[in-house]
Amino acid sequence: MGCVDTGSELVLAERRGALGIIALNRPAAVNALNLEMVDAMHHALDAFAADDAVHAVLLHGAGERGLCAGGDVRVIYQGTLGDPGVAMDFFAAEYRLDHAISCFPKPFIPLMDGLVLGGGVGISVPGSHRIVNETSRVGMPEAGIGFSPDVGAAYFLARSPGVVGCFLSLTGLHIGAADAMFSGLADAFVPVSQKDALIAQLERISSFSDVDDVVAGFAAPVADANEEPPGAGRLEVARDWIDEVFSRDSVEEIFAALQERAEAAGNDSLEQEALVAMRRNSPTGMKTALEAVKRARNLSLAETYKQDYRLCGNAVLGNRTAQPSNPRGGASGVQRAGHDMREGIRAQIIDKDRNPQWNPATFEGVDADLVNSFFAEVPGFPDIDVQGSGRT
């Protein structure tokens, strides 16, 4: 047993028996990731990979609110205002960490308690044994703050049943344990009451091959404490109409079909909840998200991280264009119509007026050229080098 020096008090690591444990330790921010935390996590992974006494690694978050509420978007916001390199450095490190988790040579077991959003999904879903419980609320809400799901999520959502991944990308809705498992974002439901016993058992394993049996021994039928009934979640129940509506070719067609469906379904329905979300989200973010999921169907996970780096980088730049003389991408120039990432973070996180002014403000204003511009190499920031296929 012993502590591992991660170089940061925001990420704690220790070995207990055969189990390496990483704890995100920023509870006041629901363990939102910053560059220091990403680097510290990567350091802990390297240490545990090299330690023959460690047969598996478990990730959990401090506090009662969740594993991780995402990346620290205030840092990203600063990148949209000044030097975009601040944000790009974070994205590059974050995606390399996510990919390292997918390639980790030992079982990686995230405990997906409470809020697991955005970057929290990025450090969880590539794991080998993804565990949810009654408190889990999983989501990729990026379209609501002006861009599209990143952290490799498009790869996993493209492989969800039917077009459930498109539904989650465009609406950004949070889902509970049952739907996380149905969507392919989690593997097992272990009740909160059994969490400590699960960890204790994992500390006593004699080989990485024991992890399957240990997790299976604690896995139970889903009993979700949120709005989902025990057993099948809302997405599984709604699978037929989700496939019918969200398989349309364009966001405009999806929205029109959803609106018709929601009017018939009435209040307090999933259709109405989805419609409200799409009315609230960025038109550019939703159109880009749909295209990203479609492209990810033919990409590896490593290729998806490269796509994400382009998507987020171009969103950070907004209507600026980098010049060759400025590799940090800070020069001004007309690149695209608006800056929805900056505006979305401002409205939701900075000023908290919850009233973003999207530009363009309508689906019709977002043409194919605008969407495609987000998939081009980011001016001043060459593509990141992410190698290997991972375990997925």
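How many helices and strands does the secondary structure of the chain come to?

1. The secondary structure comprises 17 helices and nine strands. Helices (H or I, at least four residues) and strands (E, at least two) are DSSP runs, numbered from the N terminus.

2. The structure is a predicted model, in which local features need pLDDT of at least 70, side-chain atom pairs count only at pLDDT 80 or more, and totals for chains, interfaces and linings use all residues. Residues are numbered from 1 along each chain as its sequence is written, and side-chain values use heavy atoms, with hydrogens and water left out.

3. The overall dimensions deserve attention. Along the principal axes, the C-alpha atoms fill a box of roughly 60 × 55 × 40 Å.

4. Of the 392 residues, 57% count as buried. Here buried means under 20% relative accessible area, exposed over 50%, and partly exposed in between (1.4 Å probe, protein chains only). Among contacts (heavy atoms within 4.5 Å) between residues at least 6 apart in sequence, 72% join residues at least 24 apart.

5. Helix α6 (residues 164–171) is mostly covered, as eight of its eight residues are buried. Among them are Cys 166, Phe 167 and Leu 168. Gly 172, which follows α6, has a positive phi near 70 degrees.

6. Is Asp 113 buried or exposed? Its relative accessible area is 16%, so Asp 113 is classed as buried.

7. Which residues does Asp 113 touch, not counting residues up to four places away in sequence? They are Gly 66, Leu 67, Asn 133, Thr 135, Ser 136 and Lys 195. The side chain of Asp 113 forms a polar contact of 2.6 Å with that of Asn 133 and one of 2.8 Å with that of Lys 195. A polar contact is a pair of N or O atoms within 3.5 Å; within protein, one must be able to donate a hydrogen and the other to accept it, and residues adjacent in sequence count only if both atoms are side-chain atoms.

8. Asp 113 and Val 192 are 79 residues apart in sequence, with their C-alpha atoms 8.5 Å apart in space.
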